[in-house]
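Subject: Handing over a structure

Hello,

I am passing this structure on to you. Please take a look before you read my notes.

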Amino acid sequence: MPLPQKSPQYSCDRCLPARSVTQGLEDADDSKALEETCLSSHPLMPGTSKEAPSVGIPSNPENPQSFCSSSIAIATTSTSELNEGSDSQEEEDSTSGAGPDAKNVPVDALDKMVALLVDFMLFKYLKKELMTKADMKIVIKGYEEHFAEVFLKASERMEVVFGLDVKEVDPINHCYAFFIKLGLTYDGVLHGKEGIPKTGVLILILGVIFMKGNSATEKEVWEVLKLTGIYPGRKHSLFGDPRKLITQDFVKGKYLEYRQVANSDPAQFEFLWGSRAHAETTKMKVLEFLAKVHGTDPSSFPSQYEEALQEEEERTRARMSAMAISTSVATASL
């Protein structure tokens, strides 16, 4: 079950000492492999014929198809190249301040520490336990002086790959908790069973759908997923059977709608946002996340930004109308 979106109501006394962090390290290394799939260039997402036949990060941010795929390339860079535009930047400042120059430490060594810390974070998330700064320093023993950098990059990987924010909830005891991103309540981990949070894949697909005009063909979705090393018909070491995850699990959870494209022959299928996605998150939140990963501002994409703003205004009007009706009913009953 996902963690509640409110701050956990238990104390740091429940934080456990670091486990043998080599256990499950393969999964953490797999997340690094997922990030390193695309480093600098990749094919553009299938789009309109007006797209430039080039590769890499687009020079024109108004191209939503190119933007979405290049966002994935940025999101999947190695830990040594992750940008610093993360929700966890504040944690970096509050944990240990500016640490020693990381250039004096081999990149592979830091990457290994990041992988170990990600493994530990996943362990704590699945156990529904807070973690402390002291716990994390035990995990990266020997590299404590570089804690700020390792923590930042591990938190970024948790955010981009697994769709989880790492936030400090007790600044006195330096306790940290995990929150599913964008207001979503789904993590894909079955109750009572081992698993890996799959929200990052869901957020990626929701982003593709929105940037493609609120519907994306199955082919277009797979083209983007392939950039992250996720292929149809090939079991993924972190996410299992990706086709089942996307066309069955996400659909059953009402986060995606999967339907045949009208009048397509041979039959083609497309994805849309499901009712639960519309209820739990917004186009603006998804756009803000994609823009942050891309290192830009949502307003750099005028058509999507305008659409997201319009949805925000409609939601506000609906809330105000509901409040007015509730007030009227309450007044009439007096």
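Residues are numbered from 1 along each chain as its sequence is written, and side-chain values use heavy atoms, with hydrogens and water left out.

Confidence comes first. Helices (H or I, at least four residues) and strands (E, at least two) are DSSP runs, numbered from the N terminus. Among the elements of the chain, helix α2 (residues 64-75) has the lowest mean pLDDT, 43. Strand β6 (residues 269-273) has the highest, 97. Residues 1-11 fall below 50. Residues 13-26 stay under 50 as well. Where pLDDT is low, the predicted coordinates should not be read in detail.

Next, the helix pair. The axes of α4 (residues 107-127) and α6 (residues 147-162) come within 9 Å and cross at roughly 55 degrees. Axes here are lines fitted to C-alpha atoms, for helices over the stretch in contact, and angles run from 0 to 180 degrees between N-to-C directions. Contact means heavy atoms within 4.5 Å. Leu110, Met113 and Leu117 are among the α4 residues that meet α6. On the α6 side, the residues include Phe151, Ala154 and Met158. By class, this contact has 13 nonpolar residues (Ala, Val, Leu, Ile, Met, Phe, Trp, Tyr, Cys and Pro), three charged (Asp, Glu, Lys and Arg) and one polar (the others, Gly among them).

Rings of Phe, Tyr and Trp (its six-membered ring) pair if their centres lie within 6.5 Å. The count comes to seven. In one of them, tyrosine 125 and phenylalanine 178 are edge-to-face (planes over 60 degrees apart), at 5.9 Å centre to centre and 85 degrees. Tyrosine 125 lies in α4 and phenylalanine 178 in strand β3 (residues 175-180), so the pair ties together parts 53 residues apart in sequence.

Last, the backbone. Most residues other than glycine have a negative phi, and most peptide bonds are trans. Lysine 128, in the loop between α4 and β1 (131-132), has a positive phi near 60 degrees. The peptide bond from aspartate 265 to proline 266 is cis, with omega near 5 degrees. Proline 266 lies in the loop between β5 (256-260) and β6.

Best wishes

Methods:
Predicted model: local features only at pLDDT ≥ 70, side-chain atom pairs only at ≥ 80, totals over all residues. pLDDT = per-residue confidence, 0-100. Phe/Tyr/Trp six-rings, centres within 6.5 Å; stacked < 30°, edge-to-face > 60°.
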